[in-house]
Amino acid sequence: ARKRLFVSVSEQTAKDIVSLSRSTQKNAQVASCARLCVRMPQSKYINNLLKEGEENVEKVFMKGNEAIAEAAVRAGCRFFAGYPITPQNEIPEYLSRRLPELGGVFLQGESETASINMVCGAAAAGFRAMTSSSSPGISLKAEGISTLAGAALPAVIVDVARSGVGTGQILPGQNQYNVATKAAGHGGFKVIALAPSTVQEAVDLTYKAFDYADRDRNPVIVL
């Protein structure tokens, strides 16, 4: 009887694995279709500009934070919730103007904790959602990041890390490296952590962050 029970459990486990695999494939297909729908107008726009001539393409000088914010918008982000903290303030400042132009939603939460939970709700509703903060602010978002992972909700978290403890230096730093790569949230899961070293890389990796989040149904951190 014990042997039969063991076989039954093994058979059920195998069925669950197959079912999960099929579910993952469906999620990937849905994400792929959504990505095409979001990016199609942008692709047509870019193609038209190229046909008209390269001289017609506008060049804009932007800070890294502003470039990340614009890249997020072009990647399909339509919901942002955050709370002011140096040195990431240009991101919410930029998105507070940009998102309403596209029918998106910008919310300044009453705290970092409130902001990440707003992102959880937006992601659950099907929006491409993002939040940003800096080192101590990310610590306050830990529970929300764990919720995103536990509920299999895609979202992008931008961490413009700074050196020193929470009330210390406001200069950029790498203090969040271990948090992002080893122990995001409260553990039990891993996230993809992308670390751009130039403004152009920041733009490219922000695009990829949203794609990876949708593909894996998991939060992605941009450092």
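Here is a friendly conversation about a predicted model of one protein.

Trainee: What should I know about the model before we start?
Mentor: It is predicted, so local features need pLDDT of at least 70, side-chain atom pairs count only at pLDDT 80 or more, and totals for chains, interfaces and linings use all residues. Residues are numbered from 1 along each chain as its sequence is written, and side-chain values use heavy atoms, with hydrogens and water left out.

Trainee: What percentage of the residues is buried?
Mentor: Buried means under 20% relative accessible area, exposed means over 50%, and partly exposed lies in between, using a 1.4 Å probe and protein chains only. Of the 223 residues in the protein, the buried part is 39%.

Trainee: Among contacts between residues at least 6 apart in sequence, what share joins residues at least 24 apart?
Mentor: A contact means heavy atoms within 4.5 Å. Among those contacts in the protein, the share joining residues at least 24 apart is 73%.

Trainee: Are helices α2 and α3 roughly parallel or oblique to each other?
Mentor: Axes are lines fitted to C-alpha atoms, for helices over the stretch in contact, and angles run from 0 to 180 degrees between N-to-C directions. Angles under 35 degrees count as roughly parallel, over 145 as roughly antiparallel, 65 to 115 as roughly perpendicular, and the rest as oblique. Helix α2 (residues 64-74) and helix α3 (residues 90-101) pack at about 40°, with axes 8 Å apart. The two helices are therefore oblique.

Trainee: How many nonpolar, polar and charged residues are in the contact of α2 with α3?
Mentor: From α2 come Asn65, Glu66, Ile68, Ala69, Glu70 and Val73, which meet Glu90, Ile91, Tyr94, Leu95, Arg98 and Leu99 in α3. Ala, Val, Leu, Ile, Met, Phe, Trp, Tyr, Cys and Pro count as nonpolar, Asp, Glu, Lys and Arg as charged, and the others, Gly among them, as polar. The contact of α2 with α3 has seven nonpolar, one polar and four charged.

Trainee: What classes of residue make up the contact of α2 with α8?
Mentor: The axes of α2 and helix α8 (residues 199-216) come within 8 Å and cross at roughly 30°. On the α2 side are Gly64, Ala67, Ile68, Ala71, Ala72 and Arg74, and on the α8 side Val199, Ala202, Val203, Thr206, Tyr207 and Phe210. By class, these are nine nonpolar, two polar and one charged.

Trainee: How are α4 and α6 oriented, roughly parallel or roughly perpendicular?
Mentor: The axes of helix α4 (residues 112-124) and α6 come within 8 Å and cross at roughly 15°. That angle makes α4 and α6 roughly parallel.

Trainee: How is the pair of Phe80 and Phe106 classed?
Mentor: Rings of Phe, Tyr and Trp (its six-membered ring) pair if their centres lie within 6.5 Å; planes under 30 degrees apart count as stacked, over 60 as edge-to-face, and the rest as tilted. By this rule there is one aromatic pair. The ring centres of Phe80 and Phe106 are 5.7 Å apart and their planes lie at 5°, so the pair is stacked.

Trainee: How far apart in sequence are the parts that this pair ties together?
Mentor: Phe80 is buried at 0% relative accessible area, whereas Phe106 is partly exposed at 22%. Phe80 lies in strand β1 (residues 79-82) and Phe106 in strand β2 (residues 105-108), so the parts tied together are apart by 26 residues.

Trainee: Is the peptide bond from Thr86 to Pro87 cis or trans?
Mentor: Pro87 lies in the loop between β1 and α3. With omega near 5°, the bond from Thr86 to Pro87 is cis.

Trainee: What is the phi of Ala152?
Mentor: Most residues other than glycine have a negative phi. Ala152, in the loop between α6 (142-150) and β4 (155-159), is partly exposed at 33% relative accessible area. Its phi is positive, near 55°.

Technical notes
Helices (H or I, at least four residues) and strands (E, at least two) are DSSP runs, numbered from the N terminus.
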